[in-house]
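Please look at the structure first and then follow the sections in order.

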Amino acid sequence: MHVENRGMSMMLLSLPIWAFAIIFGAFSALLAASIVIGGFGPTVWREVETDAWQCPDPDAIVFDANNCTGIDMSLNDTQFVAQLSGFSKLNQEIDLYVRLQNLRKDTGLERDVRFVLSIFGSEYESGKDWQSVLSEDSKTVKRTIKCTKGKMWCTEAFLFKVGFVTYRTYEFVVSTPELKEEGSFGNMQFTFNYVNPHNTKFELWWRVFFLVVGFVALAVIFFFLRKFKFFDWTIEQKWTVILLFALIGYNNPFWPLQILGKSGFWTFWNQVLTVTFLAVLLLYWLVTFDGLRKESQNHTFLWFYVPKFVFIFVIWGLVIALFTWNQLYSSNDPTHSYADELGGYIFLAIAALVLLVAYLFWVGYYLFRAMVESKGVSFLGTRIKFFGGFTIFVMLAVIALAVISFLSPPFVDNNAAKFLTTISLANLYVYVLTVVFIPARDAHPDQWKQDNRANVSEAFPPEKFEQVVDDPVSAVHGDDNAAAEEQHDGDENQQ
């Protein structure tokens with residue numbers, strides 16, 4: 001089968017085996033370095049823990065006013081008040097969680113508890129000119145408290161989230177009017193989590209670094225492709241350029257506005273850019289694997305691109321909804337918990353998961369067909385083997401990192417390794433593709449036409465072509481005319 005090469009010669013086709021080994025080695029080494037640097041980087045979250053009773057014995061089950069310096073929140077009109085200061089915009093957000101002491105360890109229980117919350121902010125360290133963070137002075141929220149049999153403390157429950165740190169000092173007021181009628185709960189532990197400002201700076205500078213390198217990579221590939229018409233670009237080169245633009249969006253030049261601004265728009269915009277890059281990456285794999293095996297055919301927009309675009313757009317919409325579900329609610333209501341809308345969230349998550357599984361089968365089918373159809377075609381086989389092998393390697397790396405992150409203990413997960421490894425993996429993958437898909441040194445415009453003429457010459461050697469030209473009748477009418485002439489000569493001899 002003759003396959004027409006409709007693209008220029010790329011660096012990928014001229015690299016020896018040892019060059020591929022160096023590329024994979026450098027990619028793996030840089031990815032490992034990002035894990036190590038992130039592991040030794042700053043912690044993501046800082047934590048402040050306190051409790052309502054403030055007793056010398058943290059496991060006390062009875063409040064002793066003579067020894068405990070705190071308050072018993074089961075009494076009427078008792079409020080827990082905590083002030084935290086020293087915040088800046090670099091802290092990004094503050095979360096408050098609560099755990100209740102289980103006085104029924106022998107049986108366990110699950111109960112809804114109502115909390116009355118008030119949050120105030122001040123521009124001053126001393127705390128004056130307080131301003132309410134909530135739209136009203138106080139807000140009542142209901143949380144389901146689950147206490148396991150045999151355990152002293154119930155599971156942690158989320159109370160509120162300050163999505164934008166705009167004040168220097170914050171005051172938090174919590175009360176539980178219903179607990180005076182209960183004999184099920186004792187002390188309360190409160191945990192304040194806020195982003196480490198050193199982690200914010202760490203993330204900011206790495207984003208700037210990758211953003212600069214991304215622009216350099218885009219300039220490099222445009223420089224090498226400047227003398228070629230767009231029609232001469234291979235399908236890998238066309239979509240790698242698109243992927244580089246999406247990568248610049250993923251590195252997000254607008255990210256500082258998310259910290260400095262007071263609007264949830266920039267947080268939403270960051271999620272859109274991230275999901276858009278992932279969608280373009282999924283589309284990149286689909287189009288490239290399918291396009292390589294159909295390179296000699298004209299790709300109509302309706303039949304080749306539209307089904308892929310529609311499928312990826314649906315995934316994009318579902319993932320956008322998932323990523324922004326809790327963010328949009330918490331922007332309007334700091335006390336909102338995703339558990340309040342868990343049914344709709346799970347439905348979207350299952351729908352997105354089903355489509356992603358279908359996508360894996362789809363792209364796997366294209367890869368298998370491309371590998372089968374590329375047998376005996378050296379220039380096509382090299383492209384498919386490298387792109388397919390490297391992509392599978394990166395997919396396995398993503399799965400491995402996700403599993404490690406999910407199984408790792410909290411103290412391991414609370415560092416910059418997750419962020420730096422994720423952004424490094426995405427950027428390094430695209431950088432490698434950019435390097436191997438730039439034109440080769442001997443590439444020149446209209447080279448693919450000359451290469452195809454050479455392929456035709458191999459299929460039809462000159463000596464065969466000369467034989468055909470010497471007998472124009474046979475060349476036009478073939479063996480049927482030759483047989484007719486032999487029959488005519490035989491009739492003349494009989495006469």
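## A buried glutamate

Glu 171 is buried, with a relative accessible area of 14%; buried means under 20% relative accessible area, exposed means over 50%, and partly exposed lies in between, for a 1.4 Å probe and protein chains only. Glu 171 belongs to strand S8, which covers residues 169–175. Strands (E, at least two residues) and helices (H or I, at least four) are DSSP runs numbered from the N terminus.

The side chains of Glu 171 and Gln 83 are joined by a polar contact of 2.8 Å. A polar contact is a pair of N or O atoms within 3.5 Å; within protein, one must be able to donate a hydrogen and the other to accept it, and residues adjacent in sequence count only if both atoms are side-chain atoms. When neighbours within four places in sequence are left aside, the residues in contact with Glu 171 are Val 81, Ala 82, Gln 83, Ser 118, Ile 119, Phe 120 and Trp 130. Contact here means heavy atoms within 4.5 Å.

## Basis of the model and overall figures

The model is predicted: local features need pLDDT of at least 70, side-chain atom pairs count only at pLDDT 80 or more, and totals for chains, interfaces and linings use all residues. Residues are numbered from 1 along each chain as its sequence is written, and side-chain values use heavy atoms, with hydrogens and water left out.

The protein has 15 helices and 9 strands. Of its 495 residues, 43% are buried. Among the contacts with a separation of 6 or more, 82% are between residues 24 or more positions apart.

## Helix H11 and its partners

Two packed helices are described by the angle between their axes and the distance between the axes. Helix H2 (residues 17–39) packs against helix H11 (residues 417–436) at an angle of about 160°, and their axes are 8 Å apart. The axes are lines fitted to C-alpha atoms, for helices over the stretch in contact, and the angles run from 0 to 180 degrees between N-to-C directions. H2 and H11 are therefore roughly antiparallel; this word applies to angles over 145 degrees, while those under 35 count as roughly parallel, 65 to 115 as roughly perpendicular and the rest as oblique. The crossing of H2 and H11 is right-handed, and a crossing is called right-handed if the near helix is turned clockwise from the far one by less than a right angle, and left-handed if anticlockwise. By class, this contact of H2 with H11 has 13 nonpolar, 5 polar and no charged residues. Ala, Val, Leu, Ile, Met, Phe, Trp, Tyr, Cys and Pro count as nonpolar, Asp, Glu, Lys and Arg as charged, and the others, Gly among them, as polar.

Helix H4 (residues 235–251) also crosses H11, at roughly 155°, with the axes coming within 10 Å. H4 is thus roughly antiparallel to H11. The crossing of H4 and H11 is left-handed. The residues of H4 that meet H11 include Thr 240, Leu 243 and Leu 244, and those of H11 include Thr 422, Ile 423 and Ala 426. The contact of H4 with H11 comprises 9 nonpolar, 5 polar and no charged residues.

## Two glutamines with positive phi

Most residues other than glycine have a negative phi. Gln 54, although not a glycine, has a positive phi of about 55°. Gln 54 sits in the loop between strand S1 (45–51) and strand S2 (80–85) and is partly exposed, with a relative accessible area of 34%.

Gln 92 likewise has a positive phi, near 65°. Its place is the loop between S2 and strand S3 (94–102), and Gln 92 counts as buried at 18% relative accessibility.

Asn 187 lies in strand S9 (residues 185–195) and is buried at 4% relative accessibility. Asn 187 and Gln 54 are separated by 133 residues in sequence, and their C-alpha atoms are 9.0 Å apart in space. The side chain of Asn 187 reaches the backbone nitrogen of Ala 52 at 3.4 Å.

Thr 176 is found in the loop between S8 and S9 and counts as buried at 3% relative accessibility. Not counting residues up to four places away in sequence, Thr 176 touches Met 73, Arg 114, Phe 115 and Met 188.
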